[in-house]
Amino acid sequence: MPETNATRLECCEVHGEYASRFVAKTGQWTRCWSCVEAELQALDARAQADDAAQQGAARREQRIAESGLEGRMLRATFSSYTAHRADQREVLEACKTFAESVDLESGRNLWLVGGVGTGKTHLGAAMVTHFIHERDTSAAILSAREIIRVLRATWGRNVAGDAETEIQVIDRLGRMGLLVLDEIGAGFSSDAERVQLFDVIDMRYKLGRPTVVLSNLTAKDMKPILGERTFDRLREGATLLTCSWPSHRVEAGQ
C-alpha cells in the first residue's frame, strides 16, 4: 500500500494532468480537483434552484390567496376561453397581449365593456392568473365594493397587530402589478366610498400601474358611479374593448 500523502501523476479526460494524492484512511487516490469543484458547484446550483423553486411556489400561493380568484375563476385561462366569433378572438388576443407585454410603469389601462355573460370576468381572471404564474407578479381581480369592504375592515384594528391597516391595504393594492376592477356598475352608497376607491386608483395612477376595468355599462354611464376623478385616472392611457356578442350563458341555455 502506498505511503500516506504519496503522490502520482494522473490524467483527467477533461482537465488534463493533475497530481493525485493517496489517502490512507480511505485507501483511495484523490480525484481531479477541478472535476470535484465542478460537481460541488453543480450541486450548489441545484440546491439554490430548489430553494428558489420552493420560494417561488410559496410566493405564488400567497399571491393567489390575495388575488380574489375563487371557484371557477381559479381555472380561468386564455386557453380555456371559448371564442367562436372573430370579434371574440380579437378581444381575447388583445387581453392576452396586454397581460404578456404591458409595462408595470406604462400607465396603460384596459377597459372591457359589454353585456352580461360575455366572458369579461373570465378574461379578467385569466389576466390575473397570467401575471401571477407567468410574470411572477402580484395581481388581483376585485369589485369596487370588495375593495371598499377590505378597506373598511381595517377600521379600528390595532396598529401594532399583524392585521393590515387601511394605509397598508391602499399601498398593497396601489403597488400591485395588475388590478382588475370587476362589476363596475353598482353605485356607491356615499361619496366617502368613492374617495376610498380613488385613494387606490390614484396611487396606481402615480406609479403607472396597469388597471383593467370590467363593466356591463358604457364608459359614459360609469363616470357618475366611479366619480369624476377616479374615472379620469382610469380612462387616461386606456384601450377600450367592446364585448358585443350574445351571452355565453344564454347560448348554453343557462
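Is Lys-206 buried or exposed? Lys-206 is exposed, with a relative accessible area of 64%. Here buried means under 20% relative accessible area, exposed means over 50%, and partly exposed lies in between (1.4 Å probe, protein chains only).

This is a predicted model, in which local features need pLDDT of at least 70, side-chain atom pairs count only at pLDDT 80 or more, and totals for chains, interfaces and linings use all residues. Residues are numbered from 1 along each chain as its sequence is written, and side-chain values use heavy atoms, with hydrogens and water left out.

**Salt bridges**

The whole structure holds twelve salt bridges. The criterion is a side-chain nitrogen of Lys or Arg within 4 Å of a carboxyl oxygen of Asp or Glu.

Helices and strands are DSSP runs, numbered from the N terminus (helices H or I, at least four residues; strands E, at least two). Helix 6 spans residues 191–207 and contains both Arg-194 and Asp-191. These two are three residues apart, about one turn of the helix. Asp-191 is exposed, at 57% relative accessible area.

Lys-206 and Asp-202 also lie in helix 6. Their spacing is four residues, again about one turn of the helix. Asp-202 is buried, at 11% relative accessibility. Elsewhere, salt bridges that share partners link Arg-59, Arg-63 and Asp-136 into one network.

Arg-63 sits in helix 1 (residues 33–65) and Asp-136 in the loop between helix 3 and strand 5 (139–143), so the bridge ties together parts that are 73 residues apart in sequence. Arg-63 counts as buried at 19% relative accessibility. Asp-136 is partly exposed at 33%.

**Helix 2 against helix 3**

How do the two helices run? The axes of helix 2 (residues 86–101) and helix 3 (residues 120–133) come within 9 Å and cross at roughly 25°. Axes are lines fitted to C-alpha atoms, for helices over the stretch in contact, with angles from 0 to 180 degrees between N-to-C directions. The two helices are therefore roughly parallel to each other. That label covers angles under 35 degrees; over 145 is roughly antiparallel, 65 to 115 roughly perpendicular, and the rest oblique.

On the helix 2 side, Val-91, Leu-92, Cys-95, Phe-98, Ala-99 and Glu-100 meet Leu-123, Met-127, His-130 and Phe-131 of helix 3. The contact residues divide into eight nonpolar, one polar and one charged. Nonpolar means Ala, Val, Leu, Ile, Met, Phe, Trp, Tyr, Cys and Pro; charged means Asp, Glu, Lys and Arg; the others, Gly among them, are polar.

His-130 belongs to helix 3 and is buried, at 15% relative accessible area. Contact means heavy atoms within 4.5 Å. Leaving aside neighbours within four places in sequence, His-130 touches Phe-78, Ala-99, Glu-100 and Arg-135. Its C-alpha atom is separated by 21 Å from that of Gly-237, 107 residues apart along the chain.

Ser-215 is in strand 7 (residues 211–215). Ser-215 is buried, at 2% relative accessible area. With neighbours within four places in sequence left aside, its contacts include Leu-112, Val-113, Gly-114, Lys-120, Ile-184, Gly-185 and Met-222.
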